[in-house]
Amino acid sequence: MEYLISNFGIIQAVLIAISIVFIRYLFFSGIPYSILYVIRRKNIAHKRIQKNFPKSMRIKKEIKHSFSTAIVFGGIGLCIYTLKLNGLTQIYTDFSNYGLGYFALSILIMLLIHDTYFYWMHRVVHHPKLFGIIHKVHHQSRNPTPFTAFSFDVAEAVVEAAIIPIIILIVPVHPLAIFLFFNISLAFNVMGHLGYEFLPSWFIKHPILKWINTSTHHNMHHQKANANYGLYFNFWDTLMKTNHKHYHKKFYAITKNNKEKSITI
Ligand SMILES: [Zn+2]
Ligand SMILES: [Zn+2]
């Protein structure tokens with residue numbers, strides 16, 4: 001990055017960062033979309049969370065909004081770089097400083113901090129006075145696709161990205177841990193907007209796995225925006241009693257492929 005900045009200038013470095021974010025989004029969303037919505041569409045219809053498919057115009061809008069999100073995220077990359085350059089972050093580059101155990105733990109810590117930040121930020125942006133100016137664009141996709149993952153209003157993209165500078169200011173993290181965290185986060189984000197449920201029906205009864213959110217969980221949030229606010233984990237929705245009352249029923253209906261699939265939520 002330092003090499004890039006010194007040789008191409010700040011504007012070029014930001015443009016490269018934006019391109020990387022957007023191409024990564026197209027890759028993470030485009031592959032599952034091509035497989036699930038085009039190549040295997042007919043064979044896996046029984047795995048659909050909502051029976052209908054969104055119109056292509058909606059998907060085009062999702063990609064357009066995701067491009068503006070990539071611009072914001074690229075700008076945040078510059079913010080991270082500036083903080084690092086001024087010695088204001090906890091980023092370390094020598095593995096031996098904290099060891100491999102901490103390296104793995106730091107990724108889990110980032111996920112837990114992000115999960116808590118996301119839950120409460122998400123509750124706040126659902127306030128009627130904020131919803132229209134921050135979160136409305138994301139909810140225009142009532143039947144989400146993998147391309148919904150970055151479909152945010154510019155204001156929401158800023159709020160979503162703000163957690164990264166916060167994390168690197170307080171948690172010692174290796175650049176590789178940040179890279180892995182970004183990819184886990186995007187993969188989970190795409191999973192939440194997949195439109196399909198591939199997990200087995202026992203998943204939400206398992207004593208440990210039940211604390212991880214499913215695609216059905218976030219899909220129901222897009223259908224009825226008054227429940228299921230969590231991101232990776234179900235801790236906050238359980239504690240605050242904000243899981244949708246039909247979450248388990250809907251999940252079983254899809255995963256067992258029975259007649260209850262058409263239940264109204
Ligand atoms: Zn969503
Ligand atoms: Zn929402």
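Reader: Let's start with Pro-165: how many other C-beta atoms lie within 10 Å, and what does that make the residue?
Author: The cut-offs are simple: 20 or more other C-beta atoms within 10 Å of a residue's own means buried, 12 or fewer means exposed, and in between is partly exposed, with C-beta atoms placed from the backbone. Pro-165 has 16 other C-beta atoms in that range, so this proline is partly exposed.

Reader: What kind of model is this, and how is it numbered?
Author: Residues count from 1 along each chain as its sequence is written, while chains are lettered from A and ligands numbered from 1 in written order. Local features need pLDDT of at least 70, side-chain atom pairs count only at pLDDT 80 or more, and totals for chains, interfaces and linings use all residues, since this is a predicted model.

Reader: Which residues is Pro-165 in contact with, beyond its neighbours within four places in sequence?
Author: Pro-165 is found in helix 6. Contact here means C-beta atoms, placed from the backbone, within 7 Å. By that rule, and leaving aside those neighbours, the partners of Pro-165 are Cys-79, Ile-80 and Leu-83.

Reader: What is the radius of gyration of the protein chain?
Author: The value is taken over C-alpha atoms, and the globule rule is 2.2 Å times the number of residues to the power 0.38. For 265 residues, a compact globule would come out near 18 Å, which agrees with the chain's own 19 Å.

Reader: How far does helix 3 reach from its first C-alpha to its last?
Author: Helix 3 covers residues 99-125, which is 27 residues. The expected span is 1.5 Å times one less than the number of residues.

Reader: At what angle do the axes of helix 3 and helix 7 cross?
Author: Axes are lines fitted to C-alpha atoms, for helices over the stretch in contact, with angles from 0 to 180 degrees between N-to-C directions. Under 35 degrees is roughly parallel, over 145 roughly antiparallel, 65 to 115 roughly perpendicular, and the rest oblique. Helix 3 and helix 7 are therefore oblique to each other. Their axes come within 10 Å and cross at roughly 45°.

Reader: Which residues of helix 7 make the contact with helix 3?
Author: Helix 3 brings Phe-103, Ser-106, Ile-107, Met-110, Leu-111 and His-114. From helix 7 come Ala-177, Leu-180, Phe-181, Ile-184 and Ser-185.

Reader: Is Asn-228 buried or exposed?
Author: Asn-228 is found in the loop between helix 8 (215-223) and helix 9, and has a positive phi of about 55° although it is not a glycine. With 24 C-beta neighbours inside 10 Å, Asn-228 counts as buried.

Reader: And Lys-241, buried or exposed?
Author: Lys-241 lies in the loop between helix 9 and helix 10 (247-255), and its phi is positive too, near 55°. Most residues other than glycine have a negative phi. Because Lys-241 has 8 other C-beta atoms within 10 Å, this lysine is exposed.

Methods:
Helix = DSSP H or I, 4+ residues; strand = E, 2+ residues; numbered from the N terminus. Contact = placed C-beta atoms within 7 Å.
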